[in-house]
Amino acid sequence: HDTHTMAGTGAGWISGVVKAVPSGDSVVIMGNTGQAGPPPEKTVTLASLIAPRMGRRDGSTKDEAFAFASRERLRRKLIGKKVTFRIDAVVASIGREFGVVFLGEENVAVSHVGDGWAKVKKGSNNADTANDESIAELTKAEQFAEANGFGVWTKDVAELARGSRQAPPASFDARSFFERKRGTPVPGVVEAVLNGGCLRVTLLTDSADSRNAVVTTHVAGIQAPAMGRKKADDETEPVPEPYAREAKHFTETRLLHRDVLVVFEGEDKYKNLFCTIRVVPNGVTETAPPDVAEALCQDGLCKVVDWSAALMTSGAQRLRAAEKVAKTQRLRLWRDYVAPTPSIALDSSTREFHGFVVEANSGDVLVVADTKTGTERKVHLASIRAPRVGNEKRGQKSEPWAIEAKEFLRKRCVGKKCTVKMEYTRKIGGDQQDAKTGGVNSTQDVRIMEFGTVMLPNDDTGKASGGDTFADAGELLVLRGLAGCIKHRGEEERSSRYDDLIAAEKRAVISKKGLTNPLKEPPTHHVNDIAGNAGKAKQFLPFLQRAGKSHGVVEHVVAGHRFKISIPKEGAVVSFALAGTRCPQLPRQGEAPASVTLAQDANAATAFVRRHVMQRDVEIEVDSVDKMGTFLGSLFVVGPDGVTKTELGEWLLKEGLGGVHPSFQLERHANGQRLLDAMEAARRAGVGIWRDWSPEAEAAKVVAAEAAENARADAHAASIGPTETAVLTLTEVVDGTRFFAQRASDSDKVVWMHAQLNDAQVSVDSGFRAKRNSTVAAKFTGDECWYRATVCEQAKPSDPIGLVTVHYGDFGNGETVPATRTRAIDPSLSFSTLAPLAKLCALAHVKGPAVETEYARDAAGRLGDLAGGKPTPSRVEKKFGAPGKPWEPDAQPEWLPTPRGYPGG
C-alpha cells in the first residue's frame with residue numbers, strides 16, 4: 001500500500017485518525033482512508049512519558065498498578081479522533097517511534113500526565129525525550145498531578161486497591177456465561193480484530209466472576225474473508241482470501257478499542273460463540289449504535305450466512321437488504337455476481353394483489369379470491385412446510401399436527417381480507433422434486449405451484465409483535481409450532497420475510513410448542529365419513545334429529561344447495577342438502593350442460609356459497625335423509641360475532657340464485673313460507689335466475705305444462721283403454737305409496753333370465769369398469785347370485801376398490817358393490833334387449849306421508865306387510881312412459897294401480 005501517505009500540516013507535522021490505543025503511552029494512527037485498500041499506519045509512543053505497563057495476553061506478565069486505567073483514559077479520549085503528530089525520535093533497536101500528539105490544540109502527553117495517568121521519564125540523555133520546553137511543561141503537569149493525588153499519585157487506599165486490574169477466574173466459562181445472559185447486552189471493549197467478522201473482546205461487567213474476561217466471538221449472521229492461518233511447520237506467511245485485509249481494516253476502524261455491547265445469539269457445532277456487536281458512541285449506552293455487520297454487507301466485504309443469520313433474534317433482514325445492495329452494485333466479493341432469473345417477473349401485474357381467503361386446503365395452502373377479478377388462486381405459503389393432511393378413503397393418514405395446522409388457518413384466515421405477495425413458483429411433476437416434501441413426484445403431468453406471503457389484518461390483541469398492523473399467516477403458523485421453515489440453499493428463492501419466519505421458529509422451539517416439542521403427544525382424530533352411505537346415514541339420523549341444531553363446518557361445496565359438512569362433536573362427515581331450496585347444478589363430469597345460461601347460473605350459485613359458507617362455522621337442523629344418504633334440512637351461517645345467524649336457503653332465494661323445489665311441502669316446515677316469500681321477492685326484482693321472469697310468462701308456462709301432461713295422459717289412456725287389470729307382485733317398497741312390482745305373468749321370464757345369467761360359464765374380468773347408465777350383470781349380496789342391473793353411479797378413478805352403485809331393474813332394489821362383483825352381459829343372450837320387468841308404481845288416488853315425517857317409515861312398513869311378495873289383483877288406473885332413472889327419489893311412476901280395486905277382484 002505504498003500509494004498511501006499521511007497528510008502533512010506543516011514542517012514535520014502529520015495528521016491522521018487514532019485507530020487503536022495499545023497502552024497508556026502509545027497510540028496507533030492511520031492515514032487517509034479515502035483511497036483504495038487499507039491506509040498506512042504508525043504506532044507513536046508519547047515522548048518523555050512512561051505509563052504503567054500492560055501485562056501480556058498469555059499471562060506471563062501482569063498489569064502494573066493503574067496500567068489498564070491509564071490505557072482506558074487515553075483510549076476514551078483519542079479513539080477514532082483526528083489528531084496531529086510529529087515524530088521526534090526513532091529507536092531502531094526496539095522498533096519504536098517517539099513523538100508528540102495533539103488533539104486539536106491539546107498536547108495529549110501533557111494532559112495525560114496532568115491527569116495523573118503517566119509520569120515523566122527521568123534523564124535528559126535518552127533519545128526518546130522531548131526538548132527542554134516540552135520537558136518543563138510535562139514536569140509542571142506532573143507536579144500538579146502529584147500535589148493533587150491524581151491517578152497513579154493517589155494516596156487513597158481504596159483507589160490504590162482498585163488500581164490493579166483483577167484477572168477473571170481460571171474457571172470462567174464463556175459459553176455458560178453468555179447462555180445466562182442470552183438476549184442481554186454485555187458491555188466490553190474490542191481488543192483485537194482477527195478478521196472482518198471475528199473479534200477478541202474484554203468484558204467490562206460488574207460481576208467479579210466475569211469482569212475483564214477475554215472472549216473470542218464471531219459476528220452473527222455474516223462470514224468475512226479469512227486472513228489465513230500460519231501452520232506450525234511452515235515459515236511462509238499465510239495468504240489472505242480476497243478482500244480479507246479490506247474487511248479486517250473496515251472492522252478495525254469501527255470496532256477496535258471501541259466500547260461495544262455484546263449480545264449473545266448462539267453457537268455453532270464447534271462451540272464457537274456468535275454475537276451481535278453494537279458500538280456505544282462516546283460510551284453512552286442510550287444511543288442507538290450503528291451495526292458493523294450491516295455496513296460490511298453493504299460494502300460487499302462479507303456474505304450473509306443462512307445458518308448464522310438464523311441464530312439472530314433480530315436484524316437478519318437488514319443484513320440481507322444490505323447484501324442485496326452490494327450484489328446489485330457488484331461490490332468487491334460480488335464483483336462477478338450474476339443474479340438468478342426470478343421465477344416470477346418483478347414487474348408482473350399478478351405478483352401482488354388484494355383478495356380474501358376462501359379456503360384452507362391444508363396447513364400451508366390457501367385459496368384466495370382476487371378482489372378485482374374474482375379469480376381464485378391457490379397460494380402455497382412461502383418458505384414453510386406444515387404436516388400433510390391425509391385422505392381416509394385412500395388409506396392415507398394425516399401427519400401429526402396436520403389437522404391442527406389446517407384448523408388454525410381455517411379459523412384465522414378464511415373469510416378475511418388479505419394482501420398476497422407472490423414470491424416464487426416451482427414446477428412439480430415428471431422428474432421434478434416436490435418442494436414441500438422433498439420427494440420425487442413420478443406423475444407425468446407438470447403443474448406449477450405458486451408460493452407467496454399472505455398478510456392478514458392483525459386481530460391478535462390489536463397488534464402483532466413489534467406493533468405491526470398486519471400479520472403473516474406463515475409466521476403465525478410457525479410461531480405456534482404448527483409448521484417449520486424450509487432450509488433454502490444458496491440463491492434459492494424464498495419468502496421476503498424469511499428471517500422473520502426463522503425468528504418465529506426459534507421462539508416456537510424455546511416455548512416448546514407443537515412440532516417443536518417431541519415429548520408432547522399430538523392430538524388424535526377419528527373421523528367417520530358417512531357421506532353417500534345410505535345405511536349409515538339412516539342410522540345416524542335419529543341422533544341429529546334429537547340434537548336439534550348441530551354445529552358443523554362446511555368442508556366442501558358440491559353445488560349451491562349441496563355440501564359436505566363435518567360435525568366435530570359427533571366426529572362425522574355427512575352429505576347435506578338444503579330442504580326446499582334448489583339451485584342450478586352443473587351436470588356430472590363428462591356431460592354437457594343443458595345451456596350456457598344454466599352453466600352460468602350454476603357457477604354463480606356455487607361461487608356465492610363458496611365465498612360465504614366454505615369452511616365457515618354453521619349450524620344445521622336435520623329433517624330427514626334421502627335414499628342416497630344425503631341429510632335434508634336447514635343450514636344457518638354463523639356470523640363473525642358468533643351470534644348472528646343467517647338461514648342459507650332464504651339467503652340464496654333472496655339473491656335469485658335458486659328456487660323452491662316444486663315438491664316441497666311448505667306447510668310441513670316452519671320456514672316454508674319465508675322461503676316462498678324470498679323467492680317471490682327475487683322474482684319481482686328480476687335478479688339472478690329470474691332476470692327474464694314475468695307473471696304472464698310463468699302463467700303461460702304453467703298452462704303449457706298442464707296441457708302437455710293432460711295430452712300425455714290422454715295419449716296413454718287411448719293406447720291402453722280406460723283401465724287394465726293385472727296381477728302384480730310387489731318386489732320393493734320405496735315409501736308409503738310408491739313401490740316396484742312385477743306382473744305375475746312375467747314370473748317365468750324372471751326364472752328363465754336368472755338361470756341364463758347364473759348358468760353361463762363366464763369368468764369375471766377384474767379390470768372391468770362399468771359405465772354409468774350401462775346394463776351389466778351384478779352379483780347381489782343377499783344370495784350371491786347374478787342379476788341384471790343398471791349402473792347408477794360408476795366407480796371414481798381415485799377409488800382403489802371401485803365401488804359401483806347399481807339398480808336391479810327386474811326387482812326395483814339397488815345397492816353399492818365393488819367393481820369385481822359386476823361383469824358385462826353376453827350379447828348373445830336373447831334377453832339383452834328386454835325391458836326391465838319391475839314397474840315403478842304409485843297407489844292411485846292416495847297421498848302418503850312425506851319421507852321426512854315420523855309416520856313415513858310406518859306407512860312403508862305397512863305397505864310391505866300387506867302386499868310384499870304376494871300376487872295381488874290390481875286395477876291400473878293410468879299408465880305413463882317408463883322413467884329413465886327409476887331409482888331417483890323424484891322419478892315419475894310408470895303405473896298408478898289400485899290393488900284389489902276392480903269388481904269381482
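Reader: Hi! How many bridges pair β36 with strand β37, and in which sense do they run?

Author: Hello! β36 and β37 (residues 785–793) pair over 6 bridges in the antiparallel sense. Strands count as paired if DSSP finds at least two bridges between them. Before going on, this is a predicted model, where local features need pLDDT of at least 70, side-chain atom pairs count only at pLDDT 80 or more, and totals for chains, interfaces and linings use all residues. Residues are numbered from 1 along each chain as its sequence is written, and side-chain values use heavy atoms, with hydrogens and water left out.

Reader: Thanks! Which residue is the bridge partner of A777 in β37?

Author: That is R788.

Reader: And what is the strand order in the open sheet of 5 strands?

Author: The order is β39-β38-β37-β36-β40, with antiparallel pairing. β39 (814–818) and β40 (822–823) stand at the edges with a single partner strand each, so one side of each has no neighbour in the sheet. The strands, E in DSSP, are runs of at least two residues, while helices are H or I runs of at least four, and both are numbered from the N terminus.

Reader: Which strands does α18 lie across?

Author: α18 lies across β36, β37 and β40, and runs at about 90° to β37. For such angles, axes are lines fitted to C-alpha atoms, for helices over the stretch in contact (heavy atoms within 4.5 Å), and the angles run from 0 to 180 degrees between N-to-C directions.

Reader: Now β34: which strands does it pair with?

Author: One is β42 (residues 871–879), which pairs with β34 (residues 724–733) in the antiparallel sense over 6 bridges. Another is β35 (residues 738–743), joined to β34 by 5 bridges and also antiparallel. β34 and β35 form a hairpin with 4 residues between them. L728 has bridge partners in both: T872 in β42 and R743 in β35.

Reader: Nice. New topic: what is the phi of N212?

Author: N212 has a positive phi of about 70°, although it is not a glycine. Most residues other than glycine have a negative phi. N212 lies in the loop between β11 (198–203) and β12 (214–219).

Reader: Is N212 buried or exposed?

Author: N212 is buried, with a relative accessible area of 9%. Buried means under 20% relative accessible area, exposed means over 50%, and partly exposed is in between, using a 1.4 Å probe and protein chains only.

Reader: Where is N773, and what about its phi?

Author: N773 is in the loop between α18 (747–759) and β36 (775–780). N773 also has a positive phi of about 70° without being a glycine. N773 is partly exposed, with a relative accessible area of 41%.

Reader: Zooming out, how many helices and strands are there in the protein?

Author: There are 19 helices and 43 strands. Of the 905 residues in the protein, 45% are buried. Among contacts between residues at least 6 apart in sequence, 62% join residues at least 24 apart.
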